[in-house]
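Here is a short briefing to read with the model open beside you. Have a look around first, and then let us go through it topic by topic.

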Amino acid sequence: MSVQHARYVIIGAGIHGLSTAWHLATRLKATGRGDGRDVLVIDKKDIAAGASGVACGVIRNNYFQPAMRELMAHSVDVWESDPEAFAYHPVGYLQIAPEEMRADVGQIFVEQQAIGYDSELIEGSDACRAYLQGMFSDWQAPGISVVLHEKRGGYANNVASMRGLAAKAEAEGVTIRTGVRVTELSLDGGAVTAVRTDAGDIECEQLVVAAGPWVRDVWAMLDLPSHISVTVPDGTVHPDAPMWTYWALQEGTLDVDPHEFTDNRGQLPPVVHVDSAEPLYDDVDGALITDEMWGIYYKPDFSFGGVQGGASPLRLDRPADQIAVDPYGPESAEFVVGEDFIRMWTSALAHCHKRFEGKREVYRREPTGGIGAFTPDSFPVFDTFRQNAYVIADSNHGYKMLGVGALVAEELLGEPQALLEPFRFSRYSTGQLHPTSHSPFPWS
Ligand SMILES: Cc1cc2nc3c(=O)[nH]c(=O)nc-3n(C[C@H](O)[C@H](O)[C@H](O)COP(=O)(O)OP(=O)(O)OC[C@H]3O[C@@H](n4cnc5c(N)ncnc54)[C@H](O)[C@@H]3O)c2cc1C
């Protein structure tokens, strides 16, 4: 097989690989430094074959970490730039939370105002109940003290949005080769000189790694360590922290007409995310499911064909090198959701809305879910390694991060981006980690 060449090789045709390819092609042309023909995306399977193709597709700003919020606001701008191509539904987003999270959510609201992100804050249990019943007449969850209503964001259809993104990249001249697996990287003088694939070697000047849950494998090909030293903000050093930890995302669909979940005006509601400190009881037999803090999210979704959503992910307690990422998503017999999720999620829906009482029997019993690779602090790493390998490791935050590729493209052309600065790998040694919230989710 003859050696091939591309100036920019991008591993992965998911949200980050495709967004980077599209923006890079545009910027190369605009700056007279090349065009899309300089950019090659390779994927071992297909467009949207990874996490981007199974994601629930929720797009929100609601993060306790200021750097995450600013980044998400930038990404929402990109989603809004072409809703049709990205199959984007700008219905907004509701964070509904108990007293334990009131201060955190209030702080998010104040900081959203400071960056001009349109949202509304409702505080106090009576005001929250009135607001939620004004939207959903059957709202019934007790113990809610704060509601943050983001007027932007919403959700997009996973595979359709990736196809729209791929079409934009290809229209700029980018080549997307599917069914080509990267097996090794050639390093010379500390830099990547070629990617070795099952379809031959491809020489490159710059590599972009956008391999989603498979980042562990490409990280190893770059000869980067499986364990690192992490300094936390109080100065404590964890000398041997695993670089990658896998979590299983728990999501499923209630097989009802999506129109059954409209608001009081008959309109599509915002995506709903509820965190609660109330005991959660089984909707069928009344047994206690948990008296610890829990959370769920849900939305009517015409592409999933029902009310679709999820609950807190499960941390896989095996070391990363013992996790089989393939077969991925619903094709994995090991990591699809089980009865515990179905019981918890359907009971939580019933806890919140009268209309979902007794609906467990219409839960769609099909394989769902997928795993994600999380970093030591569960926040993204966007950085250059080995001189010319740009790694986009989103720590499973990333379907919503459509704009990251635009920023990465600027960095590849030599323009450091302030929005990406807080996500450098060096934070693990300096201790400049992101603040953490009281949410039961590892990603808030
Ligand atoms: C069930 C689930 C629900 C989620 N819901 C949301 C959500 O609602 N909102 C949100 O913001 N995020 C969500 N996420 C997270 C989000 O999906 C991911 O963070 C994001 O899609 C990762 O994008 P990516 O481009 O990095 O990787 P992927 O989309 O996984 O793409 C990586 C690609 O790389 C290819 N690849 C891997 N290794 C190789 C190799 N050696 N050679 C060639 N190709 C290779 C794969 O085939 C794959 O297509 C969810 C994740 C899961 C699992």
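Two residues are in contact if their C-beta atoms, placed from the backbone, lie within 7 Å. This is a predicted model, in which local features need pLDDT of at least 70 and side-chain atom pairs count only at pLDDT 80 or more, while totals for chains, interfaces and linings use all residues. Residues are numbered from 1 along each chain as its sequence is written. Helices (H or I, at least four residues) and strands (E, at least two) are DSSP runs, numbered from the N terminus.

- A residue is called buried if 20 or more other C-beta atoms lie within 10 Å of its own, exposed if 12 or fewer, and partly exposed in between, with C-beta atoms placed from the backbone.
- By that rule α7 is mostly covered, since 10 of its 14 residues are buried.
- The buried residues of α7 include Phe341, Met344, Trp345 and Leu349.
- Those buried residues pack against β15, β16 (271-276), β17 (280-281), β18 (288-290), β19 (294-301) and β20.
- The expected span of a helix is 1.5 Å times one less than its number of residues; for the 14 residues of α7 this should be 20 Å, and the end C-alpha atoms are 20 Å apart, which agrees.

**Two domains**

- The domain bounds come from an automatic or database domain assignment, and this gives domain 1 (1-90 + 153-230 + 378-444) and domain 2 (93-151 + 245-374).
- The C-alpha centres of domain 1 and domain 2 lie 27 Å apart.
- Where the domains touch, 32 residues of domain 1 are in contact with 39 residues of domain 2.
- On the domain 1 side, α2 (66-81), β8 and α6 (215-221) each supply at least two of the residues that touch domain 2, and α2 gives the largest share, 4 residues.
- For residue classes, Ala, Val, Leu, Ile, Met, Phe, Trp, Tyr, Cys and Pro count as nonpolar, Asp, Glu, Lys and Arg as charged, and the others, Gly among them, as polar.
- The side of domain 1 that touches domain 2 has 15 nonpolar, 13 polar and 4 charged residues.

**The shell around the ligand**

- A residue is near a molecule or strand if its C-beta atom, placed from the backbone, lies within 6 Å of it.
- Which residues come nearest to the ligand? Of the 40 residues around the ligand, they are Gly12, Gly14, Gly50, Gly212 and Gly370.
- At least two residues of the shell come from each of α1 (15-30), β2 (39-43), β15 (245-254) and β21 (370-374), and α1 provides the largest share with 3 residues.
- By class, the shell divides into 18 nonpolar, 14 polar and 8 charged residues.

- Two strands pair if DSSP finds at least two bridges between them.
- All 5 of the 5 residues of β23 (residues 389-393) are buried, so this strand is largely enclosed by the rest of the structure.
- Both faces of β23 are covered, with Ala389, Val391 and Ala393 buried on one side and Tyr390 and Ile392 on the other.
- β12 (residues 200-209) runs parallel to β23 and is joined to it by 3 bridges, and valine 209 stands opposite valine 391.
- β22 (residues 381-385) runs antiparallel to β23, with 5 bridges between them, and valine 381 has alanine 393 as its bridge partner.
- β22 and β23 form a hairpin with 3 residues between them, and arginine 386 in the turn has a positive phi of about 50 degrees.

- The order β3-β8-β4 describes an open sheet of 3 strands with antiparallel pairing.
- β3 (58-59) and β4 (88-89) stand at the edges with a single partner strand each, so one side of each is left without a neighbour in the sheet.
- 2 bridges join β3 to β8 (residues 154-156), and valine 58 stands opposite tyrosine 155.

**Backbone details worth a look**

- Most residues other than glycine have a negative phi, and most peptide bonds are trans.
- Serine 395 has a positive phi of about 55 degrees and lies in the loop between β23 and α8 (404-412); serine 395 is buried, with 22 other C-beta atoms within 10 Å.
- Asparagine 396, in the loop between β23 and α8, has a positive phi of about 65 degrees and counts as buried with 24 C-beta neighbours inside 10 Å.
- The peptide bond from aspartate 326 to proline 327 is cis, with omega near -10 degrees, and proline 327 sits in the loop between β20 (306-315) and α7 (339-352).
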